[in-house]
Amino acid sequence: MTKPSYVRVIIDRAIHRELDYAVPESLRSRIGVGSRVRVPFREKSALATVVGVMEQSEAKGIRPIDAVVGEAPILSEQLLELGRWISTYYCCPIETVMRSVLPQVIRRAEVGWKKQLFVQPGRQPDNEELEKLRKRAPRQAELLEAILRLEAPVRASQLLRQVSLDNQTLRALVKRGLVEMREEAVVRDPHADEQFVATSNLILNQEQTRALEEITQALDSPEKSRPILLHGVTGSGKTEIYLQAIRAALNRGCTAIVLVPEISLTPQTVERFKGRFADVQDAVAVLHSHLSEGERHDEWHKIHSGRARIVIGARSAVFAPLKNLGLIVVDEEHETTYKQEEAPRYHARDIAIVRAKIEKCVAVLGSATPSLESYHNAAIGKYRLVTLTQRIDEKQMPLMRVVDLRQERRKQKSATILSEKLRIAIADRLEKREQTILFLNRRGFSTSLLCSSCGEARNCPNCSVALTFHRYPAVAGRLSCHLCGHTAAVPKKCPACGQDALIYAGFGTERVESTVSQIFPKAVVRRMDADSMTRKEAYRETLRNFRTGKIDILVGTQMIAKGLHFPNVTLVGIINADLALHLPDFRAGERTFQLLTQVAGRAGRGETSGEVFVQTYTPFSPSIQFARHHDFAGYFQQELEFRERCGFPPFKHAVLITVRSPHEGRAKLSAQTLQRRLKEALAYSAEAAPEPEAPSGAPTSRKPLGLPSLKAAAKAGPPEFILGDATPAPLEKLQSQFRFHILLRGEAIMHLSRLVRETVDKLPVPEDVIVTVDVDPYQLL
Ligand code: ADP
Ligand code: ZN
């Protein structure tokens with residue numbers, strides 16, 4: 001390595017620029033791309049990441065760096081390249097991207113290992129001294145004897161616990177010089193107390209064998225391989241394939257990342273991976289949002305130092321600092337939780353594809369219900385499609401029954417929670433001692449409080465949504481806003497008209513739980529949603545009790561829709577399938593289809609086949625009908641036609657710009673100005689010959705090559721871009737901020753991103769107006 005005289009750095013603060021510094025002679029041997037450094041910045045000092053090393057610099061007024069932080073560079077060139085790609089693609093300053101690439105606890109200078117005191121024997125006492133000690137200080141003698149018997153140093157706290165003696169006794173021995181103590185770094189392992197049952201490879205069925213072969217072939221020539229889309233129905237044994245593919249990667253001296261949605265990062269999943277790789281010490285590191293700072297620090301270093309060779313984690317694990325990466329698996333690739341909803345607004349599945357390209361490794365995306373984007377990419381040949389059509393042991397797909405709530409309403413004369421058919425089915429399961437899952441994606445007891453006289457609903461003062469009534473803690477008996485957390489007491493009379501005519505309308509999981517308990521008083525009913533699961537242990541406990549059969553009926557939100565595997569569940573009820581369907585979002589249909597298919601996948605994973613009841617007011621909507629017949633291809637076909645007709649992804653990329661402010665007028669004006677400037681910039685860029693599209697894999701679909709130039713396309717007919725007006729967002733007010741949207745769509749996303757970035761940067765906005773840019777948005781409200 002040449003010794004650099006100058007470095008280019010990204011400072012941790014948002015200044016939107018990279019800066020050059022000189023490297024003092026004494027520091028040159030310890031610095032490289034990816035090093036963390038402390039530099040003088042303005043009048044203060046700041047932490048920064050080195051992104052380039054140079055012999056020379058043209059910059060003026062160069063100052064020297066103050067110090068190198070830590071021993072070795074902590075960021076690889078590949079991760080740096082990935083960071084730059086994200087910055088360009090997602091219209092986001094590089095320093096903001098860095099906040100995701102390097103966890104906070106790693107970026108800080110004072111990162112620390114947990115230190116603990118270890119004890120070992122000190123000066124050897126003679127018999128006389130020992131005898132004296134036994135008489136005068138019997139507890140000291142007892143402790144000393146325990147320490148003399150030690151074969152290796154042990155943790156002081158652990159030893160004292162074992163012999164039931166206190167710290168004071170230990171200190172006294174240290175003072176006498178008979179015992180020595182020293183500090184040592186220990187690793188915090190959040191899974192240290194858990195036992196993992198070692199498992200070995202299962203014998204794969206034919207479809208699985210073929211899928212694994214595809215992956216191992218790709219592992220043998222990763223440069224030539226395309227990402228693999230593994231489309232396998234729920235319970236078709238995808239996870240088993242991942243496990244064996246990872247083993248194949250390890251056998252080739254490589255490492256692997258497995259991304260799973262946060263919600264399915266259950267102890268069950270972690271156990272499965274740790275169990276399979278129990279033969280490799282420390283092989284598996286786990287990254288998720290519940291880790292303490294210390295645990296995160298230790299897991300990260302376990303990965304960076306090369307001890308951990310498999311990383312399993314949620315979204316941000318895509319940045320795990322593994323070396324010699326061979327395989328990245330994205331399980332449940334269609335999950336929207338892979339999209340980060342704050343800057344950098346990246347999508348981890350797409351980042352996985354780009355990282356795989358940069359690191360020349362294999363990417364495998366798995367799902368029972370692939371996203372339209374990925375399936376389309378497979379259809380046009382960008383991805384390699386591998387299909388698993390059978391459930392393991394040829395278990396039947398569950399029988400799906402659609403219940404028309406319109407008819408039910410005529411019978412019951414009020415909103416139906418349980419239709420008669422579903423009720424009978426539950427009773428039948430209780431009789432047979434089989435289990436039921438009831439699914440409703442809405443929390444609370446009643447979803448609004450209405451006045452039947454004047455029609456006013458109780459709305460949140462800060463957001464444009466109705467307040468939800470909760471019966472249970474934490475907001476027992478109060479109204480609460482699910483967006484900002486505002487709570488209010490339930491008024492006796494309508495505050496608007498003064499009439500005593502308030503009624504509760506709409507129902508959530510709390511109401512389902514209480515209704516089901518009333519109808520089936522002998523059944524054990526539990527609820528699992530964000531309100532009932534505020535404690536981490538509550539989640540594990542409920543799952544355990546459900547698995548061991550202590551719970552008959554589990555009611556829950558999407559928390560229970562994913563990845564769980566309970567052989568004794570033979571009935572799933574979807575209380576209201578329409579909830580997601582009518583949102584102002586072009587993915588509403590796709591989400592409904594996925595949700596129904598995934599929830600249905602929870603039924604009949606054991607010996608007995610399953611049954612699913614889908615309650616809906618729109619029984620003939622395509623999402624419901626295709627899901628009912630387990631017809632992915634049919635669904636995909638018609639949804640794709642719709643997307644193409646309307647110019648939505650995967651045919652065009654979308655960029656959603658949100659302008660918000662506590663002051664409605666200012667937000668609106670800024671949005672309108674920005675829209676006008678974008679229009680001008682787009683017109684101008686269509687005139688000028690555009691630069692070629694950035695080469696690295698823009699992840700979602702485009703025609704693979706030979707994209708016509710913008711100019712040619714403009715002449716040829718339909719416009720390359722669709723720029724919407726500045727309009728109030730569907731969720732007009734959120735947390736006391738008024739919100740306006742501008743939606744821009746087009747194919748050449750790198751070009752669009754750059755253009756938006758430049759236009760937004762130049763826009764003069766009042767201080768209380770905030771503009772955010774979301775490329776490939778998933779949240780359209
Ligand atoms: P998926 O990830 O597709 O939902 P899993 O990998 O979880 O499916 O498999 C479902 C169940 O079938 C699991 O209990 C798993 O242990 C079992 N299984 C998977 N592959 C095999 C196999 N080849 N032989 C026997 N059992 C298998
Ligand atoms: Zn609110």
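**Helix α10**

I looked up Gly275 first: Gly275 is buried, at a relative accessible area of 1%. Buried means under 20% relative accessible area, exposed over 50%, and partly exposed in between, with a 1.4 Å probe and protein chains only. The model is predicted; local features need pLDDT of at least 70, side-chain atom pairs count only at pLDDT 80 or more, and totals for chains, interfaces and linings use all residues. Residues are numbered from 1 along each chain as its sequence is written, chains are lettered from A and ligands numbered from 1 in the order in which they are written, and side-chain values use heavy atoms, with hydrogens and water left out.

Gly275 sits in helix α10. Helices (H or I, at least four residues) and strands (E, at least two) are DSSP runs, numbered from the N terminus. Among the buried ones I noted Gln268, Phe273 and Arg276.

**Ligand 1**

I counted a shell of 16 residues around ligand 1. A residue is near a molecule or strand if one of its heavy atoms lies within 4 Å of it. The closest include Lys238, Thr239 and Arg272. By type, the shell has 5 nonpolar, 7 polar and 4 charged residues. Here Ala, Val, Leu, Ile, Met, Phe, Trp, Tyr, Cys and Pro count as nonpolar, Asp, Glu, Lys and Arg as charged, and the others, Gly among them, as polar. Helix α9 (residues 238-251) gives the most to this shell, with 3 residues.

Next came atom distances. A nitrogen atom of ligand 1 is 2.7 Å from a polar backbone atom of Ile203. For the side chain of Gln208, I found an N or O atom 2.8 Å from a nitrogen atom of the ligand. An oxygen atom of ligand 1 lies 3.2 Å from a polar backbone atom of Ser236. The protein buries 75% of the 550 Å² that ligand 1 exposes when taken alone.

**Zinc ion (ligand 2)**

Which residues are the protein donors of the zinc ion? I found Cys460, Cys463, Cys481 and Cys484, each through SG, at 2.3 to 2.4 Å. Donors are N, O and S atoms within 2.8 Å of the metal (3.2 Å for Na, K and Ca). The site is tetrahedral, with angles of 104 to 114 degrees among its 4 donor atoms. Four donors count as tetrahedral if all angles lie between 85 and 135 degrees. The spacing in sequence is C-x2-C-x17-C-x2-C. Cys463 lies in the loop between β18 (446-451) and β19 (468-470) and Cys481 in the loop between β20 (478-480) and β21 (487-489), so the pair ties together parts 18 residues apart in sequence. Cys463 and Cys481 are both buried.

Most residues other than glycine have a negative phi, and most peptide bonds are trans. I looked for exceptions. Ala343 and Pro344 are joined by a cis peptide bond, omega about -5 degrees. Pro344 lies in the loop between β13 and α12. Arg42 has a positive phi near 50 degrees and is exposed, at 59% relative accessible area. Lys360 has a positive phi of about 50 degrees and is exposed at 53%.

Technical notes
Four donors count as tetrahedral if all angles lie between 85 and 135 degrees; four count as square planar and six as octahedral if opposite donors are over 155 degrees apart and all others between 65 and 115; anything else is irregular. A polar contact is a pair of N or O atoms within 3.5 Å; within protein, one must be able to donate a hydrogen and the other to accept it, and residues adjacent in sequence count only if both atoms are side-chain atoms. Accessible areas come from the Shrake-Rupley method with a 1.4 Å probe; for residues, only the protein chains shown count as cover.
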